[in-house]
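Student: I have this model open and want to go through it piece by piece. Can you take my questions as they come?
Tutor: Go ahead, and keep the structure in view.

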Amino acid sequence: MTANEWLMILGMMGVTFGIRYFLLALADRIRMPSPVEVSLQYIPPAVLIAITLPAVILPHGEWHFSFTNPYLVAAVIAAGCGLLTKNLLATIACGLAAFFAYQILLSS
Amino acid sequence: MSTRKQEFLAGARNTFPLLLGAFPFGLIYGALAVTSGLSVGAAMAMSAFVFAGSAQFIAVGLVAAHAPVLIIILTTLIVNLRHMLYSATLLPYLKKLPQTWRIPLAFGLTDETFAVAIHRFRKNDSSRFKHWYQFGSSLAMYLNWQLWCFLGLVLGDRIPDASGWGLDVAMPITFIGMLIPFVKNIPTVVCVLTAGAVSLLTLGMPYKLGIIVAAFMGILAGFITEQTGKKIQVEIQV
């Protein structure tokens with residue numbers, strides 16, 4: 001490993017850990033105003049959808065909103081499966097199976 | 001009353017489906033790292049010390065593009081900013097723990113572990129060891145991630161065009177699975193629709209900053225819907 005690689009990894013570790021730890025480090029000294037506390041429950045769904053939607057609609061960086069986009073089709077099937085089964089493993093298995101099956105279907 | 005061991009094992013067990021989702025992701029990371037020019041040692045050290053899938057991906061891409069180290073570190077900072085929202089959410093549950101606990105829990109605070117652990121913390125029981133549940137989840141994620149990254153690195157140059165197989169679909173699929181349990185009332189639906197729409201409108205923003213903007217708009221929309229709902233309820237009752 002080169003010095004430059006070490007520098008990069010230590011820097012990345014520093015910022016990543018810093019972001020994750022900062023608020024927790026000060027946890028006993030932070031008092032959240034109640035609207036903020038109420039809003040915390042919306043963090044997980046908001047972040048998850050904001051990562052997921054662009055990843056399936058623009059899988060390769062370009063807009064691809066159509067039936068020929070296996071990422072989008074698999075995502076819709078996974079979501080349907082998740083809503084029906086409420087089971088995480090089934091949702092993931094279903095989405096992955098749909099993706100690969102659909103890709104084979106498209107290429108044949 | 002749950003013991004430490006029971007909580008730990010339950011956390012690891014309930015993370016299992018997400019381990020499956022992380023496996024293709026780790027494999028591609030390893031394969032991409034090999035072709036980026038990063039040494040095997042550095043690619044493994046990044047998984048071991050940084051432990052942040054999406055940031056590692058982007059970093060490897062930047063290494064391949066010969067980006068300066070400072071840019072890579074700054075990009076990591078921005079891509080991982082969302083984790084500060086996670087620690088804010090966990091704050092009420094972890095604030096009584098000593099720093100010796102908060103440090104490892106913060107280090108292992110990935111999207112996956114957060115999504116699993118927050119359900120445990122919110123469950124209304126008197127277990128004093130819920131942090132062991134989070135610890136079990138993050139340790140399972142950690143070991144799983146190291147394993148698949150390593151295999152990706154070893155197999156990366158032997159599997160032709162591993163990154164072209166579409167294995168990257170595992171990430172959004174896993175995230176959809178994690179998302180669904182949170183969507184259980186009208187304010188969260190509004191939150192998801194808003195954050196989703198804004199995420200598409202802010203694609204032009206550099207360094208994936210759009211994720212943060214979209215998240216904040218979604219949170220705000222959820223909050224406003226909730227408050228409006230309360231007001232309407234009060235008016236009906238009056």
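Tutor: Start with Asp28(A), which counts as exposed because its relative accessibility is 51%, and the cut-off for exposed is over 50%. Keep in mind that this is a predicted model.

Student: ok, what does Asp28(A) form a salt bridge with?
Tutor: Its partner is Arg102(B), and the closest N and O atoms are 2.9 Å apart. The pair crosses between chains: Asp28(A) sits in the loop between α1 (3-25) and α2 (34-39) of chain A, while Arg102(B) belongs to helix α7 (residues 99-107) of chain B.

Student: and Arg102(B), buried or exposed?
Tutor: Arg102(B) counts as buried, because its relative accessibility is 2%.

Student: how many salt bridges over all chains?
Tutor: The search of the whole structure finds 6. Between chain B and chain A the count is 1.

Student: what does Glu7(B) meet in a salt bridge?
Tutor: The side chain of Glu7(B) meets that of Arg120(B), at 2.8 Å from N to O. Glu7(B) lies in helix α1 (residues 4-14) and Arg120(B) in helix α8 (residues 111-122) of chain B, so the pair ties together parts that are 113 residues apart in sequence.

Student: are those two buried or exposed?
Tutor: Glu7(B) is buried at 2% relative accessibility, and Arg120(B) is buried at 8%.

Student: which residues are linked with them in a network?
Tutor: The network of salt bridges links Glu7(B), Arg120(B), Asp125(B) and Lys130(B). Within that group, the side chains of Asp125(B) and Lys130(B) meet at 3.7 Å, N to O. Asp125(B) is partly exposed, with a relative accessible area of 33%, whereas Lys130(B) counts as buried at 10%.

Student: new topic. how many residues does the contact between the chains take?
Tutor: The contact takes 83 residues from chain B and 63 residues from chain A. About 6600 Å² is buried between the two chains, and carbon and sulfur atoms give 81% of that area.

Student: which three residues supply more than any other three on the chain B side?
Tutor: Leu91(B), Ile173(B) and Ile180(B), which supply 9% of the area that chain B buries against chain A.

Student: how many pairs are in polar contact there?
Tutor: The rule finds 14 residue pairs in polar contact across the interface of chain B and chain A. On the chain B side, the largest share of residues comes from α6(B), with 11. By class, that side has 56 nonpolar, 20 polar and 7 charged residues.

Student: last topic. what domains does the assignment give for chain B?
Tutor: It gives domain 1 (4-173) and domain 2 (183-238). Their centres, taken over C-alpha atoms, are separated by 26 Å.

Student: how many residues are in contact between them?
Tutor: 7 residues of domain 1 of chain B are in contact with 6 residues of domain 2 of chain B. The area buried between the two domains is about 620 Å², with 86% given by carbon and sulfur atoms. Ile78(B), Arg82(B) and Leu85(B) supply 58% of the area that domain 1 buries against domain 2, more than any other three residues.

Student: which helices supply at least two residues on the domain 1 side?
Tutor: α5 (69-79) and α6 (82-94) of chain B each do. The largest share, 3 residues, comes from α5(B). By class, the domain 1 side has 5 nonpolar, 1 polar and 1 charged residues.

Definitions and conventions:
Residues are numbered from 1 along each chain as its sequence is written. Chains are lettered from A and ligands numbered from 1 in the order in which they are written. This is a predicted model: local features need pLDDT of at least 70, side-chain atom pairs count only at pLDDT 80 or more; totals for chains, interfaces and linings use all residues. Side-chain values use heavy atoms; hydrogens and water are left out. Domain bounds come from an automatic or database domain assignment. Contact means heavy atoms within 4.5 Å. Buried area is the accessible area (1.4 Å probe) that two parts lose on being put together, summed over both. Helices (H or I, at least four residues) and strands (E, at least two) are DSSP runs, numbered from the N terminus. Ala, Val, Leu, Ile, Met, Phe, Trp, Tyr, Cys and Pro count as nonpolar, Asp, Glu, Lys and Arg as charged, and the others, Gly among them, as polar. A salt bridge is a side-chain nitrogen of Lys or Arg within 4 Å of a carboxyl oxygen of Asp or Glu. Buried means under 20% relative accessible area, exposed over 50%, partly exposed in between (1.4 Å probe, protein chains only). A polar contact is a pair of N or O atoms within 3.5 Å; within protein, one must be able to donate a hydrogen and the other to accept it, and residues adjacent in sequence count only if both atoms are side-chain atoms.
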